[in-house]
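Q: I have a chain to go through. Can you walk me through it, starting with the terms?

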Amino acid sequence: GRLTTTDALPPLLVNLSKHPDWAKKIAEEPLEFSTVEAESNTLKFVRESLCSLPPVGAFRRVSRTPVDLGEHGVIPAGCSVAVLFGPDLIEMVKDFNPERWSRDAVREDFMTFGGSQPHSCIGKDVALMTLQMFCRVITKEFDFEVIDPTPIPGIIGVSWKDGLKVKVSRKATA
């Protein structure tokens, strides 16, 4: 979980810098949470950022029973299966739109953390809370500028040349 959460932070910073209107909305939200997945602008923004550049591009499961793929055959019980985030998900987030993440959309389309199925990521709640808190604190308390937001495609996911460089300073108090 630590590595995937760490990999999610640079895209969050890039997206916050590219969408100052959303950064302002997030800064206006309180630092307290009623639940991890309580509806908020922060949660919508985090979900959109995770889908636009997911820290993990696939997840694996073992089929307990045979899975019929129709004309494509059958996956036998006990077989490992990898689900890749494909072109549909990538196309969906070409336009950055955190408003798309209604409760129904999350249930149907949010595949990060293994989606809404019973065997989703055990660290999902910790990661969502950490990422939301990061967004709220940095937008409330700091001014920041991403120096070069251009990602470098990698074998799995993206990275930034020499890491993502960000200029950060504490906001002046009034």
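A: Burial terms come first: buried is under 20% relative accessible area, exposed is over 50%, and partly exposed is in between, with a 1.4 Å probe and protein chains only. By that rule Arg170 is exposed, at 56% relative accessibility.

Q: What kind of model is this, and what are the limits on local features and side-chain atom pairs?
A: This is a predicted model, where local features need pLDDT of at least 70 and side-chain atom pairs count only at pLDDT 80 or more, while totals for chains, interfaces and linings use all residues. Residues are numbered from 1 along each chain as its sequence is written, and side-chain values use heavy atoms, with hydrogens and water left out.

Q: How many helices and strands does the chain have?
A: Six helices and eight strands. Helices (H or I, at least four residues) and strands (E, at least two) are DSSP runs, numbered from the N terminus. The pattern along the sequence is α-α-α-β-β-β-β-α-α-α-β-β-β-β.

Q: How much of the chain is buried?
A: Of the 174 residues, 33% are buried. The chain exposes about 10,700 Å², and carbon and sulfur atoms supply 58% of that. Those areas come from the Shrake-Rupley method with a 1.4 Å probe; for residues, only the protein chains shown count as cover.

Q: And what share of the contacts is between residues 24 or more positions apart?
A: Among contacts with a separation of 6 or more, 66%. A contact means heavy atoms within 4.5 Å.

Q: Back to Arg170. What does its side chain meet in a salt bridge?
A: Glu141, at 3.4 Å from N to O. Glu141 is in helix 6 (residues 124–141) and Arg170 in strand 8 (residues 166–170), so the pair ties together parts 29 residues apart in sequence. The rule for a salt bridge is a side-chain nitrogen of Lys or Arg within 4 Å of a carboxyl oxygen of Asp or Glu. Glu141 is partly exposed, with a relative accessible area of 30%.

Q: How many salt bridges are there in the whole structure?
A: A search finds six. One of them joins Glu37 and Arg47, with the closest N and O atoms 2.4 Å apart. Glu37 lies in the loop between helix 2 and helix 3 (41–52) and Arg47 in helix 3, so the pair ties together parts 10 residues apart in sequence.

Q: Is Arg47 buried or exposed?
A: Arg47 counts as buried, at 3% relative accessibility. Glu37 counts as partly exposed, at 23%.

Q: What does Lys44 pair with?
A: The side chains of Lys44 and Glu99 meet in a salt bridge, 3.1 Å from N to O. This pair links distant parts of the chain, with Lys44 in helix 3 and Glu99 in the loop between helix 4 (87–92) and helix 5 (103–109), 55 residues apart. Lys44 is buried at 16% relative accessibility, whereas Glu99 is partly exposed at 42%.

Q: Switching to rings. How many aromatic pairs are there?
A: The count is two. Trp22 and Phe45 make a tilted pair, 6.4 Å centre to centre with 35° between the planes. That pair links helix 2, which holds Trp22, to helix 3, which holds Phe45, 23 residues apart. The rings of Phe45 and Phe96 have centres 5.3 Å apart and planes at 65°, so that pair is edge-to-face. Phe96 is in the loop between helix 4 and helix 5, 51 residues from Phe45.

Q: What rule sets the pairs?
A: Rings of Phe, Tyr and Trp (its six-membered ring) pair if their centres lie within 6.5 Å; planes under 30 degrees apart are stacked, over 60 edge-to-face, and the rest tilted. Trp22, Phe45 and Phe96 form one aromatic cluster. Trp22 and Phe45 are both buried, and so is Phe96.

Q: Which residue lies over the face of Trp22?
A: Lys25, at 4.0 Å from the ring centre. The criterion is NZ of Lys or CZ of Arg within 6 Å of the ring centre and within 35 degrees of the ring normal.

Q: Which residues of helix 2 are buried?
A: In helix 2 (residues 20–27) they are Trp22, Ala23, Ile26 and Ala27. Seen down the axis of helix 2, these buried residues fall within an arc of 140°, so they line one face of the helix. The arc is that of the directions from the helix axis to the C-beta atoms.

Q: Last one. Where is Thr65?
A: Thr65 is in the loop between strand 1 (58–62) and strand 2 (67–68). It is exposed, with a relative accessible area of 51%. Leaving out residues up to four places away in sequence, Thr65 touches Ile75 and Ala77.
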